[in-house]
Amino acid sequence: MSKHRSPLRILAWSGLLLILLISIQQLPFGQRLNLGIAPLLSVLQAPGRWWQEASLWLHESSQLQSDYQHATIRLEQQGALIQEVKSLREENQKLRALLGIQQISGYNWHAAKVQGRSPDKMSQRLILLVDRAAPDDVVVSSDGLVGLVDLAKSGSAVVRTILDAAIAVPVTMPDKKLAALVRGQGNRLMVDFVPIENAPEVGSILQTSGAGGMFPAGLSVARITNVEPIPGQVFAKVDAEPVAHWQRESWLAIASATRKAVQ
Amino acid sequence: MTAPFVLLLSLLGIMLNLGLAGLVIQPDWSAALLLASILAQRSNWVWALPGFWVHDLALHWSSLVCFPVVALIPFFLAKADARLGPGRPQRVLLMFAGLFPLLWIGWSFPQWLLTMMVCTFAWYFIARPNVKPA
C-alpha cells in the first residue's frame, strides 16, 4: 500500500470536513456542552465556597456585632429607600401614562449566580446557576443589560451577552427621538441606524426602547464611545461599549416575561 | 497512556477556564496541552483533534476557532519534517500558527503568552519518553 496519499484526496477530505463544520455551526452543541459541564464547575468551585464559609467562623464576635449593627442601619435606610422607590414608581407610571409612553410590564425578576464565563477578554458568554430560566429571558446586572438566556436546563442556563453578534437590541435615548439598534461586535458594540443630525454625543447612555417586546424598556445598554459621520451616507458610524460590567459580577438578575406580556 | 491523561487534563483545563475566568489571568490550558501533544508526536492528532473540537465548542460555541487551523498542522508538520528533517523550528512556527486564533477570538495578549509557555512545557514533558539517547 502506498504511504503517500494524493494531495487531491487530502484536499477533498479537508473540504468535506470544513463543510461539515460550517453546517453544524448553527446547532447548539457548545451551549449543551456548557450545560453539561455546569455541575462539574460547581464541584471545582466548592473549595472556594468552603473557604468563604469557614472564614465566617474565624470572624471575631465583636466584628460580627459591629457587622450586625451596620446591617441593621442599612436595613432601615433601605426601608426608607424602598418607600421612596414605590412612590417614584407610581409617579413614573402616571407620567408615562400622561406622555403616552408604552410600559412593558409583566416581568418576573429573580437572582442568578454566575457559575462560569467564557475566558475571552470580554466574557461574551456566561453560565448561570438558576432554577427558573427559559430561552430569551433577559439578563441584567446592577448597571444595565447583560444579555439573553440562550439555553436552560436543570438548574443552569447559558447566556449570550450583548457583545455576541447574534443579539441586536433596539435602543433609544430618553430625551431624543432616536430609534437605533445595538449589535455585538465581539469586544465592542456597534449602533446602527443613527441619523447624522440626530447622533448622540460621546459618553451618552442608550437605553432599551422596548420595541419588539423582547427587552423591558428603560434598561441602560451602551455608552457611546465614538461617532463618525460617513460622507454621502444617512447614518453615522457609532461605536459603543456596554454599560454593564459582568466580567466580575457574582450575581445577576433574570427577567422572565410572564405569559401576559408575551401575548 | 498519554492520550487519556492529556484528554482528562484538557477537560480539567476547560473547566478551569470556564470556572475561574474573570478572577485570574490563565492560559488556555486545554489548547496548550492538545497542541503540545501533536507537536511532541505527529500521530497524536488522532485523539488530539477531537479534543480540540470539544475545546472550541465548550469555550467558544463554535467549531471554527482553533480546530480548522490545528487540523492542518499534522499535514504541514509531515511535509516540513520530510523536507527539512524532524526538528524544532517548524514546530515552533506551527505552535504560533495553532494558537494565533485565540488572539483573534478575543483572548488577551498575556493569556496568549501564558498559553504558549504552557504549551512549550507540556511539549517538553510529552516528548521526553520518546527521546532516544544518542
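Modeller: First, a definition: two strands pair if DSSP finds at least two bridges between them. Keep in mind that this is a predicted model.

Colleague: OK. How many bridges join S6(A) to strand S9 of chain A?

Modeller: Two bridges join them, and the strands run antiparallel. S9 covers residues 205-208 of chain A. One pair to look at is Thr172(A), whose bridge partner in S9(A) is Gln207(A).

Colleague: And which way do S6 and S7 of chain A pair?

Modeller: They are antiparallel, with five bridges. S6 is residues 168-173 and S7 is residues 176-184. A hairpin of two residues links S6(A) to S7(A). Met173(A) sits opposite Lys176(A) in S7(A).

Colleague: What actually holds paired strands together?

Modeller: Strands of a sheet pair through backbone hydrogen bonds, parallel or antiparallel.

Colleague: How many strands does the closed barrel in chain A have?

Modeller: Six, in the order S1-S2-S5-S4-S3-S12, with antiparallel pairing. From one strand to the next, the twist averages 40°. Take S2(A) and S5(A), residues 156-161: five bridges join them. There, Ile127(A) faces Val158(A) in S5(A).

Colleague: Is Ser154(A) buried or exposed?

Modeller: Exposed, because 10 other C-beta atoms lie within 10 Å, and the cut-off for exposed is 12 or fewer.

Colleague: Where is Phe193(A)?

Modeller: In the loop between S8 (189-192) and S9 of chain A. Phe193(A) also has a positive phi, about 60°. Phe193(A) has 14 C-beta neighbours inside 10 Å, so it counts as partly exposed.

Colleague: On to chain B. How many helices and strands are in there?

Modeller: Six helices and zero strands. Its radius of gyration is 14 Å, close to the 14 Å that the globule rule gives for 134 residues, so chain B is as compact as a globular protein of that length. Its C-alpha atoms fill a box of roughly 45 × 25 × 25 Å along the principal axes.

Colleague: How much of chain B is buried?

Modeller: Buried residues are 43% of the 134. As for contacts between residues at least 6 apart in sequence, 61% join residues at least 24 apart.

Colleague: What about H3 in chain B? How far does that helix reach?

Modeller: H3(B), residues 45-60, reaches 21 Å from its first C-alpha to its last. That is close to the 22 Å expected for its 16 residues. Its buried residues include Trp45(B), Phe52(B) and Leu57(B). After H3(B) comes Trp61(B), with a positive phi near 55°.

Colleague: What do those buried residues pack against?

Modeller: H2 of chain A, together with H1, H2, H4 and H5 of chain B.

Conventions: Residues numbered from 1 in each chain as written. Chains lettered and ligands numbered in written order. Predicted model: local features only at pLDDT ≥ 70, side-chain atom pairs only at ≥ 80, totals over all residues. Helix = DSSP H or I, 4+ residues; strand = E, 2+ residues; numbered from the N terminus. Axes fitted to C-alpha atoms, helices over the stretch in contact; angles between N-to-C directions. Rg over C-alpha atoms; globule rule 2.2 N^0.38 Å. Buried ≥ 20, exposed ≤ 12 C-beta atoms within 10 Å, placed from the backbone. Contact = placed C-beta atoms within 7 Å. Expected span 1.5 Å × (residues − 1).
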